[in-house]
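Subject: Structure for your review

Dear colleague,

Please find below the structure that I am handing over to you. My findings follow it.

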Amino acid sequence: MSALLVLAVTAPLLGLVPLFLLGPRTGERAALAMLAVNLAVTAGIAEQVAQGGRAPGYFVGGFAPPLGVGLRADGFSAAMMLMAALVLLLTGLFAMTGPGDMTRKVKARGSAGRPATFFILLLSLACALNLAFLAQDLFTLYVALELLTFAAVPLVCLEGKAGQLSAALTYLLFALFGSVLYLLGVVLVYGLFGTLDIAHLAGLLAQGTGGATAAAALALMSAGLMAKAALFPLHLWLPPAHSGAPPAASAVLSAVVIKAPLFLLVRLWSDLAPLPLTQVAGPIFAVCGAAAIVFCGVVALAQERLKLLIAYSTAAQIGYLCLMFPLAASDDGQWSALAWTGGTLHLVSHALSKAAMFLAAGLIAETMGHDRLSGLSGVGRLAPVSVAAFGLGGLSLMGLPPSGGFVAKVMLLTSALQQGSWWIATVVLAGGLLAGGYVLRVVVIALQHPDAGLPEARECRWRALIALALAFGAMLVGFMPLAPLPFLDIGRPLSWEGLLP
Amino acid sequence: MSLLFDAVLCLLLLLGALGVVATGAARPAVIAFIGYGLLLGLAWVRLDAVDVALTEIAIGSGISGVVLLHCVRALPAPPRAPAAHPMLRPLAAAIAVAIAAALALAVLALPEPAPTRAADVAAALPATDLGNPVTGVLLVFRALDTLLEKVVLFLSLVGVWALSRDPACRGRPAPLSPEPAPAPSAFLARVLAPIGVLVGLYLLWAGADHPGGAFQSGAVLAAMGLLLVMGDQIRVPAAGNRSLRLLMLAGPFGFLAVGFAGWATAGVFLGYPPGAEKAVIIAVEVAITLSIAVTLALIVLGPPADEGRS
Amino acid sequence: MTGALLFGLAGAALVGCGVYGLLTASGALGRILGFNVLGGGVFLIFGAVARRGAAAGFSADPVPQALVITGIVVAFCATALAVALLVRLSTMEARAAPADAGEKET
């Protein structure tokens with residue numbers, strides 16, 4: 001049993017105590033230290049997975065499932081945890097009270113003047129995300145999703161403006177609707193099988209038991225997760241919530257928070273559901289994903305505000321993961337494995353690039369005093385590093401080399417073409433063109449000769465460098481070989497082999 | 001006979017639910033919801049789940065009812081809602097009936113004999129020395145869920161406090177009603193609160209072996225605290241108060257500390273020391289109860305006011 | 001027909017009521033109430049599942065009961081947070097309404 005799995009879930013929580021009891025300055029340092037510990041722990045888990053070649057597990061309290069609950073890290077979980085920990089740490093550093101922040105009156109600070117609350121929420125997010133990636137029990141996953149919601153919703157309205165409050169309320173109501181649907185599915189699963197452990201359930205479902213009720217339960221859980229992940233057509237809450245939040249909050253919301261329900265959607269349909277059922281459901285997800293890519297991409301093109309544009313782009317990019325479902329569920333081992341790697345790499349590279357873009361947009365808005373695209377011409381002179389981070393992050397969205405988005409989209413495209421799914425290939429290409437349109441529009445405006453006199457402000461350089469580092473991270477993913485990554489297949493199919501007597 | 005009683009109860013539940021969702025006005029809907037919660041509690045008794053019944057009545061109906069009633073009072077009269085599309089209600093009703101029918105079919109199709117974990121719990125419970133299997137599941141077998149759900153409760157208070165205009169959240173929450181408490185409510189507080197506290201402590205004490213436990217007890221204690229506040233018997237403490245904050249953290253982090261100690265004593269996270277299981281479990285329950293009581297009451301009281309105005 | 005089955009069917013009907021409430025509510029409070037009615041129905045179905053699982057000397061399977069207790073507390077937290085947001089939002093709007101002379105820019 002690997003104690004690191006327990007630490008991944010509990011260590012971030014330890015940072016809450018100093019934040020809540022001591023002053024914000026001390027608490028902030030403790031929180032950043034715990035986020036660094038979190039990154040080290042997740043790196044340790046990834047190392048264990050890679051070295052051992054199999055998934056480490058842990059039975060909490062020593063009670064084996066189905067009575068107890070288990071944690072387990074396969075290659076897919078480890079990759080996602082590492083990505084989330086990295087984004088959370090860098091965003092935390094971005095939001096840190098820096099030298100000069102106390103004297104300068106700057107509005108668009110990451111923590112919106114509430115460092116204690118912001119870092120409590122950030123640490124809780126780290127705990128919730130790790131739990132979502134590790135837990136193997138459907139109800140523990142429900143708790144993880146709730147933790148995630150309760151940590152994410154207040155992030156939206158940290159500044160307390162009316163628009164943010166109403167966006168937060170809409171977000172909360174969508175998330176609650178999603179939870180209750182998910183829970184209804186869990187109830188039916190328990191009624192059918194008397195267990196909620198995913199590995200046990202996968203075995204039972206593979207034998208074909210459960211019938212229509214099992215399919216309905218999976219559908220209910222998926223609908224709940226779709227509402228939480230803002231998957232088209234349940235995406236309406238996302239743009240106001242993600243664009244209205246302070247920059248550091250937007251970055252984690254768009255980059256990692258929606259990744260947890262998406263991850264669970266993949267978990268449900270590639271590890272839990274039997275293959276024939278996935279082959280039925282896959283095309284439905286792909287249609288939703290295609291609609292998201294095209295519809296939200298077009299809406300993003302029409303946006304007048306930078307942060308709303310990025311938020312719509314998130315709603316569009318979620319769609320790529322859904323294109324993976326029918327491709328990865330085919331019987332053709334080689335090409336389905338390629339699609340699986342492509343989908344996962346897309347989650348990782350989107351997280352890094354989107355965090356970079358939201359942070360950069362926050363700095364741009366801070367420098368100019370607003371984020372209206374029409375008034376941003378020439379901002380490249382005031383905020384060169386931020387604009388560079390935005391552009392480099394955008395490469396990944398467009399799917400141009402060298403970037404993680406390029407590798408991921410080429411893998412999806414190749415898999416689609418080899419399997420004869422022409423329409424999926426077309427959507428991948430069209431989505432790239434749309435992303436090219438909205439990213440280049442911003443970059444062109446930023447590099448234009450300024451219309452009027454530019455304000456005196458300068459971008460905050462060290463924060464801009466953090467955004468740039470995230471964008472470089474997304475680029476680095478692009479140097480992966482264009483082949484299925486064996487690491488992501490470690491620990492599949494799910495089982496407690498080696499832990500259960 | 002009992003089946004007839006159950007059928008009537010189900011019918012009342014359905015009427016209550018319809019009363020909540022079909023009433024246009026806010027206050028009657030909330031009052032219907034409180035009644036709905038009480039009926040649900042009764043249904044849980046009929047399902048032989050007394051622990052759940054106590055929780056539903058104390059939290060699902062009681063404290064939730066207080067929060068919702070407070071909300072109705074604080075909201076301005078809603079502007080005349082624009083008349084909904086005439087097809088909305090029939091369409092919604094059709095969808096609702098279809099969903100209910102599909103679910104009913106799913107319930108009818110559940111396998112016989114029903115799969116259950118009762119045997120596993122029965123086999124593992126004696127080692128914990130607990131008599132109440134639900135407490136065993138909550139605090140031993142699925143302790144991780146319970147621990148993290150304490151964090152959820154804590155976070156919801158953090159979320160409520162984040163709505164305060166004072167970023168440091170140090171002030172006192174605004175009183176629930178601006179006027180001083182009328183004499184009857186002060187009297188009620190003085191008489192009821194001691195009895196309620198005793199009931200709460202009994203529920204905590206009984207929870208190890210009989211129905212009851214941390215949640216139910218915490219909710220009753222929170223309600224008594226609120227009663228004392230509303231009766232002007234005690235003053236709401238300031239949110240920045242260090243001991244108040246320690247009390248809020250005691251439950252989740254005391255539990256977490258016991259979890260880490262499990263590594264030393266039982267060789268596993270969230271394991272209990274062999275031989276002393278029951279004592280440690282009760283200690284955890286006491287800490288959780290205190291935190292639940294304080295946190296629930298503070299959630300009801302709402303965000304702290306600005307420093308200067310408190 | 002057994003009592004457990006009856007409550008399971010009632011739970012299904014309550015879920016229907018909750019869905020109706022969510023679809024027809026005109027304001028956030030109505031949606032919060034609809035969510036709670038819906039949640040109550042889901043929990044009741046779980047209660048029926050627990051009752052059906054009576055075995056080993058227990059009159060109901062204890063695992064679903066424990067999960068429902070956790071679920072009720074989580075649902076309360078959600079209700080409380082939603083209500084707090086709603087109250088804050090409406091007081092802000094009430095305060096802004098008289099002063100708001102037509103400025104729409106956020």
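In this predicted model, 11 residues of domain 1 of chain B are in contact with 14 residues of domain 2 of chain B, where contact denotes C-beta atoms, placed from the backbone, within 7 Å. The domain assignment of chain B places domain 1 at residues 1-75 and domain 2 at 130-310; such bounds come from an automatic or database domain assignment. Between the C-alpha centres of these two domains of chain B the distance is 23 Å. The side of domain 1 of chain B that touches domain 2 of chain B comprises seven nonpolar, three polar and one charged residues. In this classification Ala, Val, Leu, Ile, Met, Phe, Trp, Tyr, Cys and Pro are nonpolar, Asp, Glu, Lys and Arg are charged, and the others, Gly among them, are polar.

As to conventions, residues are numbered from 1 along each chain as its sequence is written, while chains are lettered from A and ligands numbered from 1 in the order in which they are written. Local features need a pLDDT of at least 70 and side-chain atom pairs count only at pLDDT 80 or more, whereas totals for chains, interfaces and linings use all residues.

The contact between chains A and C takes 21 residues from chain A and 28 residues from chain C. On the side of chain A that touches chain C, helix H6 (138-156) and helix H7 (162-193) of chain A each supply at least two residues; helices are DSSP runs of H or I, at least four residues long, numbered from the N terminus. H7(A) provides the largest share of that side, 16 residues.

The largest nonpolar core has 385 residues. A nonpolar core is a set of buried Ala, Val, Leu, Ile, Met, Phe, Trp, Tyr and Cys residues joined through C-beta atoms within 7 Å, and buried means that 20 or more other C-beta atoms lie within 10 Å of a residue's own. H7(A) gives the most to this core, with 23 residues. A:Leu125 is among the members that touch the most others; beyond its neighbours within four places in sequence, A:Leu125 has contacts that include A:Leu148 and A:Val252.

Regarding confidence, the predictor gives the complex an ipTM of 0.94 and a pTM of 0.95. Chain C averages a pLDDT (the predictor's confidence in each residue, from 0 to 100) of 87. Over residues 100-106 of chain C the pLDDT is below 50.

Yours sincerely

Notes:
Contact = placed C-beta atoms within 7 Å. Buried ≥ 20, exposed ≤ 12 C-beta atoms within 10 Å, placed from the backbone.
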